[in-house]
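Subject: Structure handover and findings

Hello,

Here is the structure for you to look over. My notes come after it.

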Amino acid sequence: RQPLFESTSSGINAEYGGPVLSLLIFDTEEEVIARANNTHFGLGAAVCTDNLSRAYRVISKIEAGSCNVNTYNAYPAVLPFGGYKNSGIGRELGEECLNYYSQTKAVYVETGDPWCPFE
């Protein structure tokens, strides 16, 4: 059985290791964005709507690291996965993950007549 919370429940401001779905009624986008961001966590978020302009507008203001539109928990390996706030540091998967295992080195090679200001 999955947890179900009412909009006044403290369960909305907790982070769970399993599936939890909070369905909250709202009147304005600003209200739902404020509610979504009123937490110390920010692992994932989803927006379900038939208006993609609204989806992009709302998702861009939600403080969560892994966001979905009209789906949930869809994380292809090429996309970085990770949270904001107390939901983790750094990212797994994607190109961003490779930066943790890499060290950049810049090398420039002159193959013609080298210019040297010290000669």
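Below are the ground rules, then the overall picture, then some residues worth a look.

This is a predicted model: local features need pLDDT of at least 70, side-chain atom pairs count only at pLDDT 80 or more, and totals for chains, interfaces and linings use all residues. Residues are numbered from 1 along each chain as its sequence is written, and side-chain values use heavy atoms, with hydrogens and water left out.

Overall picture

The protein chain has three helices and two strands. These are DSSP runs, numbered from the N terminus: helices are H or I with at least four residues, strands are E with at least two. In sequence order the pattern is α-β-α-β-α.

The protein chain has 119 residues, and 19% of them count as buried. Buried means under 20% relative accessible area, exposed means over 50%, and partly exposed is in between (1.4 Å probe, protein chains only). The protein chain exposes about 9,700 Å², with 54% of that supplied by carbon and sulfur atoms. Areas come from the Shrake-Rupley method with a 1.4 Å probe; for residues, only the protein chains shown count as cover.

Now contacts, meaning heavy atoms within 4.5 Å. Take those in the protein chain with a separation of 6 or more: residues 24 or more positions apart account for 31% of them.

The H1 and H2 pair

Helix H1 covers residues 29–37. Helix H2 covers residues 52–61. The two pack at an angle of about 35°, with axes 9 Å apart. Axes are lines fitted to C-alpha atoms, for helices over the stretch in contact; angles run from 0 to 180 degrees between N-to-C directions. The H1/H2 crossing is right-handed, that is, the near helix is turned clockwise from the far one by less than a right angle.

Which residues meet? From H1 come Glu-29, Ile-33 and Asn-37; from H2 come Arg-54, Arg-57, Val-58 and Lys-61.

Glu-29 is buried because its relative accessibility is 11%. Its side chain makes a polar contact of 2.9 Å with the side chain of Arg-54. A polar contact is a pair of N or O atoms within 3.5 Å; within protein, one must be able to donate a hydrogen and the other to accept it, and residues adjacent in sequence count only if both atoms are side-chain atoms. Beyond four places in sequence, Glu-29 is in contact with Arg-54, Arg-57 and Val-58.

Asn-37 is also in H1. Asn-37 is buried because its relative accessible area is 16%. Its side chain reaches the backbone oxygen of Lys-61 at 2.9 Å. Beyond four places in sequence, Asn-37 touches Lys-61, Ile-62, Glu-63 and Lys-85. Asn-37 and Glu-63 are 26 residues apart in sequence, yet 5.8 Å apart in space, C-alpha to C-alpha.

Ser-66 lies in S2. Ser-66 counts as buried because its relative accessibility is 2%. Its contacts beyond four places in sequence include Leu-43, Tyr-75 and Phe-81.

Asn-70 sits in the loop between S2 (66–69) and H3 (94–98). Asn-70 has a positive phi of about 60°, although it is not a glycine. At 42% relative accessible area, Asn-70 is partly exposed.

Cysteines

Cys-67 is partly exposed at 31%.

Best wishes
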